[in-house]
Amino acid sequence: MPDTANSDAPAHNATRGRFRFREYRVTTVADPMALPVYEALCVTGEERNCGAESGTLHTPDELTRWIAGHCAQTGHQHYEQTVRAILRAEPGAWQ
């Protein structure tokens, strides 16, 4: 017996679409107009991390100076470094 309340409901055996993705090579190139940025997070601690953050810095030397200063003040020796850069994807030919 048909369900009149759900007459617009899709049929259970509806045809499904099939998609085929071909492989292709993508390379990434750093954008020469955008400078990378560096950040550090102090992860020294037994119960929990110190959590001190360097903020956004623009050279590895600035990051090293921040770490050296924090280490001198606190004696902390473990840091997590993050480097962010803008990349451009260059897709190759379809295989």
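This is a predicted model: local features need pLDDT of at least 70, side-chain atom pairs count only at pLDDT 80 or more; totals for chains, interfaces and linings use all residues.
Colleague: Why are Trp-66 and Tyr-79 called an aromatic pair, and why edge-to-face?

Modeller: Their ring centres are 6.1 Å apart, and the limit for a pair is 6.5 Å, so they count as one. The planes stand at 85 degrees; an angle over 60 is edge-to-face, so that label applies. A search of the whole structure finds one aromatic pair.

Colleague: What makes this pair a tie between parts of the protein?

Modeller: Trp-66 belongs to helix H1 (residues 60–74) and Tyr-79 to strand S3 (residues 79–84), so the pair ties together parts 13 residues apart in sequence.

Colleague: Why is Trp-66 called partly exposed?

Modeller: Its relative accessibility is 22%. Buried means under 20% and exposed means over 50%, so Trp-66 falls in between.

Colleague: How do you know that Cys-42 is in no disulfide?

Modeller: The nearest cysteine sulfur, that of Cys-50, is 3.9 Å away.

Colleague: Are Cys-42 and Cys-50 buried or partly exposed, and why?

Modeller: Cys-42 has 0% relative accessibility, which is under 20%, so Cys-42 is buried. Cys-50 has a relative accessible area of 35%; that lies between 20% and 50%, so Cys-50 is partly exposed.

Conventions: Residues are numbered from 1 along each chain as its sequence is written. Side-chain values use heavy atoms; hydrogens and water are left out. Rings of Phe, Tyr and Trp (its six-membered ring) pair if their centres lie within 6.5 Å; planes under 30 degrees apart count as stacked, over 60 as edge-to-face and the rest as tilted. Helices (H or I, at least four residues) and strands (E, at least two) are DSSP runs, numbered from the N terminus. Buried means under 20% relative accessible area, exposed over 50%, partly exposed in between (1.4 Å probe, protein chains only). A disulfide is a pair of cysteine sulfur atoms within 2.5 Å.
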